[in-house]
Amino acid sequence: MIYTVTLNPAIDFIINMDNPILGTINRSDSETLYCGGKGINVSMVLKELEVHSIATGFLAGFTGKEIEETLQNQGVQTDFVHLENGITRINVKIRSDEETDINTKGPSISDYDLHLLIKKFDEINSDDIVILSGSAPKNADDTIYAKLLSKIAKSGAMTVVDSTKKKLLNTLEYKPFLIKPNINELIETFDAKISTLHDVEKYAIKLQNLGARNVLVSMGDKGSVLFTEDKQVILQSAPQGEAINTVGAGDSMVAGFIAGYLKSKDYKFALKLATACGSATAFSEGLCKQNEISRMLELIESK
Ligand SMILES: Nc1ncnc2c1ncn2[C@@H]1O[C@H](COP(=O)(O)OP(=O)(O)OP(=O)(O)O)[C@@H](O)[C@H]1O
Ligand SMILES: [Mg+2]
């Protein structure tokens, strides 16, 4: 079974409008709601790839219920810990000539809530995969992913971590199968200047020396580069097209990589499917759909 873990999910409230001005009443031209959070995005894209997963993590209040129902209606199985207090956050994204985002904090978790989440992995085994993605609740410290992984790793399950800075670095001793920093996350994790492929390689190898098995560095429309545990360096360009919404491109890439690797056990194919999913999301309004993924994969494979 594949589990995706989203510790701090969100409903994104997208507001399209001209010239928002602080200190006045602004009126929107249109608005949309998207249920999300990074692990949840991975589950949704896996579903498009016809790969079953269980979405877990923390949810709270009426917004949490909405996310759970949306996932279930889309055929994604859920098994979240429901927090007693607070509501799952609503992030406000204002789209005008510029993009302005207000990402809210979301509910706090207690030690007991974390214990309940860790307990969900009691029966996990080496055939399972656990994907940990995104930000953590406001009161969680930088060891939260490491605490989850210390239990999961003992079972021999394959793990994926899409996080940054100390939260990411603290997990590496548990030897995640895959980590997927984007280039900015690589820069902020090491507080270093990273501009050439040679720089990227230097820091990816550093991450491998700390314990990461495979390191996939994504670079938006410039594509990505994969450093495998058997010392291959595989560059993959991204298909060209009009980017409509790049939010979730990285999550789609993680879903595509895992689905591709499970199907083929081949890193090159996994990276191609990962890229097809990432770019298909960048070229779509929301997350990628099957048709667009297939179209992108054909384009990538024909090169
Ligand atoms: N503008 C784009 N055009 C084509 N492909 C893109 C574009 N943006 C992203 N992609 C594809 O998606 C992959 C992942 O994108 P990116 O590096 O932006 O991830 P990310 O920053 O982790 O995204 P997020 O965290 O918002 O999900 C890229 O390597 C590329 O293959
Ligand atoms: Mg990302």
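The count of salt bridges comes to 12 in this predicted model. Side chains of opposite charge can pair when their charged atoms come close.

**Salt bridge Lys151–Asp122**

- Lys151 forms a salt bridge with Asp122, and their closest N and O atoms are 2.4 Å apart.
- This pair links distant parts of the chain, 29 residues apart.
- Lys151 sits in helix H4 (residues 144-154), while Asp122 sits in the loop between helix H3 (111-119) and strand E9 (129-133).
- Lys151 has 25% relative accessibility, so it counts as partly exposed.
- Asp122 is also partly exposed, with a relative accessible area of 39%.

**Salt bridge Arg213–Glu229**

- The side chains of Arg213 and Glu229 meet in a salt bridge, at 2.8 Å from N to O.
- The pair ties together parts that are 16 residues apart in sequence, because Arg213 and Glu229 lie in separate loops.
- Arg213 belongs to the loop between helix H7 (197-210) and strand E12 (214-218).
- Glu229 belongs to the loop between strand E13 (224-227) and strand E14 (233-236).
- Arg213 is partly exposed at 31% relative accessibility, and Glu229 is partly exposed at 37%.

**Salt bridge Arg295–Glu292**

- Arg295 forms a salt bridge with Glu292, with the closest N and O atoms 3.2 Å apart.
- Both residues lie in helix H10 (residues 290-301).
- Arg295 and Glu292 are 3 residues apart, about one turn of the helix.
- Arg295 is partly exposed at 47% relative accessibility.
- Glu292 has a relative accessible area of 17%, under the 20% cut-off, so it is buried.

**A salt-bridge network**

- Lys93, Arg95, Glu99 and Asp101 are joined into one network by salt bridges that share partners.

**Strand E7 and its partners**

- Of the 7 residues of E7, 5 are buried, so the strand is largely enclosed by the rest of the structure.
- E7 runs parallel to strand E2 (residues 10-16), and 7 bridges join the two.
- Ala10 has Arg89 in E7 as its bridge partner.
- E7 runs antiparallel to strand E8 (residues 99-102), with 4 bridges between them.
- Val92 stands opposite Ile102 in E8.

**Nonpolar surface patch**

- Phe62, Ile87 and Ile90 make a nonpolar surface patch of about 280 Å².
- Ile87 lies in the loop between strand E6 (81-83) and strand E7 (89-95).
- Ile87 counts as partly exposed because its relative accessibility is 38%, above the 30% that patch membership requires.

**Thr159**

- Thr159 is found in strand E10 (residues 158-162).
- Its relative accessibility is 4%, so Thr159 counts as buried.

Methods:
Residues are numbered from 1 along each chain as its sequence is written. Chains are lettered from A and ligands numbered from 1 in the order in which they are written. This is a predicted model: local features need pLDDT of at least 70, side-chain atom pairs count only at pLDDT 80 or more; totals for chains, interfaces and linings use all residues. Side-chain values use heavy atoms; hydrogens and water are left out. Buried means under 20% relative accessible area, exposed over 50%, partly exposed in between (1.4 Å probe, protein chains only). A salt bridge is a side-chain nitrogen of Lys or Arg within 4 Å of a carboxyl oxygen of Asp or Glu. Patches are made of residues with over 30% relative accessible area and no salt bridge: like charges are joined within 9 Å, nonpolar side chains (Val, Leu, Ile, Met, Phe, Trp, Tyr) within 5 Å. Accessible areas come from the Shrake-Rupley method with a 1.4 Å probe; for residues, only the protein chains shown count as cover. Two strands pair if DSSP finds at least two bridges between them.
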